[in-house]
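Biologist: I have a model on screen and would like to learn how to read it. Can we go feature by feature?

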Amino acid sequence: VAVLAVPMYSGLAGPTAVVTRAVGVVDNGRELPLPPRIEPTGLHLHAAVEHARAVPDSTARLTRIATAMWAEYERLRAGEDIDDPPITAVRIYRDTIELATRPHVRSVVLVTQGPLP
Amino acid sequence: VTVRERVRRFFFAPSAPTNLAVCRIIFFGWLLCCFLSYDVAGWARLPADTWDPVWFVELFGPLPSARMLAVLGIAWKVSLVLGALGLFRPVTIGVAAVLGAYLLGLTASFSMGNYDIGMPVIMLFVFWIARSTDALSLDAVIARHRGKPRPSPSGEYTWPITTGRVLLALAFFAAGVSKLRHGGVDWIVTDNLRWLFVGQQYTHAPVLNWAAYLAEFPLLCRLLAGGTVALELSYPLALFVRRVRPWLVVGMIGLQLGIHLFMGVNYLAFLVANIFWVDWPAVGRVFNGKLSELIPRVATPEHPSRHKDVLDGSP
């Protein structure tokens, strides 16, 4: 039963795809993609955020995740492991892409930001 | 013949130690190649709120420091090398199995599953328990030096290989059942796979973007979906019906490689389990220039095809 409980792409896919991405916010409000060393990234970030959204304290937990990513970025920057500008926060967005339209249409929702202003 | 006797023959028919030994060398070598660049310490840098350990990782308690994880990672990779060489099996392969369960388990312990690790972890324990270093190993060399006789054919060399095959069959069959259970027939007859092909281009990083072009042909996508489920559900036949075995095994390897290349889902560690279908001594005979010994057997009723000799391994 435990084996059969593993989804293995067994659900039905619809004409939308959801992508989660994190960006760094620099002083003037401009957003920059985070370097890949700031994890989680890509599919792992998406899974972590979806997991956090499903728990009761999701708002606080999501903020802590963004704050931890910001802290890791600043730690690497302080150690000169990355050569990127300082950032004031990390924002995590959830992009929903409509696949049935040509071209595909993307709608963006801010999931969280950390650290909070 | 009783059912018990059939089961005994299935798992414990005597065979030489060579096939299991070759499987051990390839298995450990493959895992080492797959995970040589695995940055174990990287887990300690992840946000603590993403920590969601699977049960056997949870047994080891809280996540260790980055330094400790790095040491464990090096120890595991060294144990894989020693496992391939077959030195002090009870210790080295034991370390490879326990550390492998933990370190590979970590890949599924940060809010994200990993389908690729279950089979390798189980087989690490099988190689630990089984007499997998009785041939083609440093343990065997040491045993000869101590005057021990060469091991004779035994069921001890058969059950690990049969276990690998059964696990593969169960995994693929479960995947097919899961699709029908959760998605139903709609998994095949709707545009499900078509949307999956397009969506993966955004959510994953496939090596090739051909799936986006395949999605332009809805009927083809449905045929591929039906073929996938049919292949998964019929895969257990490979355990019992030799005639269809090469088609099912090669077809599934192709499917896994296709999923990896076109959809960006990594099954590279899982793929190694296909070594259990191969009769490696027969492959060795082919590469030793003894092809002529096999060719006359092609036409005999006992050996209907040359494929059967190589992609078989059943005693």
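Modeller: We will take the interface, then a sheet, then one serine. Keep in mind that this is a predicted model.

Biologist: How many residues of chain A and chain B are in contact?

Modeller: On the chain A side, 36 residues are in contact with 33 residues of chain B.

Biologist: What area do chain A and chain B bury between them?

Modeller: Start with the general idea. Interface size is often given as the accessible area lost when the parts come together. Here chain A and chain B bury about 3100 Å² between them. Carbon and sulfur atoms account for 65% of it.

Biologist: How many salt bridges does the rule find across the interface of chain A and chain B?

Modeller: Two. One salt bridge joins the side chains of R102(A) and E216(B), at 3.1 Å from N to O. As for polar contacts, twelve residue pairs are counted between chain A and chain B, with both residues at pLDDT 80 or more.

Biologist: Which elements supply the side of chain A that touches chain B?

Modeller: β1 (16–25), α1 (42–53) and α2 (58–78) of chain A each supply at least two residues. The largest share, seven residues, comes from α2(A). By type, that side of chain A divides into 23 nonpolar, six polar and seven charged residues.

Biologist: Now the sheet. Is strand β3 of chain A mostly covered or mostly open?

Modeller: Mostly covered. In β3(A), residues 89–98, nine of the ten residues are buried.

Biologist: Which strands does β3(A) pair with, and how do they run?

Modeller: Look at each partner in turn. β1(A) runs antiparallel to β3(A), with ten bridges joining them. There, V19(A) stands opposite D95(A) of β3(A). β4(A), residues 105–114, also runs antiparallel to β3(A), and nine bridges join these two. In that pair, I97(A) faces R106(A) of β4(A). The link from β3(A) to β4(A) is a hairpin through six residues.

Biologist: Last, the serine. Where is S111(B) found?

Modeller: S111(B) sits in the loop between α5 (89–106) and α6 (118–129) of chain B.

Biologist: Why does S111(B) count as buried?

Modeller: The cut-off for buried is under 20% relative accessible area. S111(B) counts as buried because its relative accessibility is 13%.

Biologist: What does S111(B) touch?

Modeller: Leave aside residues up to four places away in sequence. S111(B) then touches A47(A), A48(A) and H51(A), along with T50(B) and D52(B). A polar atom of the S111(B) side chain lies 2.8 Å from the backbone oxygen of T50(B).

How values were computed: Residues are numbered from 1 along each chain as its sequence is written. Chains are lettered from A and ligands numbered from 1 in the order in which they are written. This is a predicted model: local features need pLDDT of at least 70, side-chain atom pairs count only at pLDDT 80 or more; totals for chains, interfaces and linings use all residues. Side-chain values use heavy atoms; hydrogens and water are left out. Contact means heavy atoms within 4.5 Å. Buried area is the accessible area (1.4 Å probe) that two parts lose on being put together, summed over both. A salt bridge is a side-chain nitrogen of Lys or Arg within 4 Å of a carboxyl oxygen of Asp or Glu. A polar contact is a pair of N or O atoms within 3.5 Å; within protein, one must be able to donate a hydrogen and the other to accept it, and residues adjacent in sequence count only if both atoms are side-chain atoms. Helices (H or I, at least four residues) and strands (E, at least two) are DSSP runs, numbered from the N terminus. Ala, Val, Leu, Ile, Met, Phe, Trp, Tyr, Cys and Pro count as nonpolar, Asp, Glu, Lys and Arg as charged, and the others, Gly among them, as polar. Buried means under 20% relative accessible area, exposed over 50%, partly exposed in between (1.4 Å probe, protein chains only). Two strands pair if DSSP finds at least two bridges between them.
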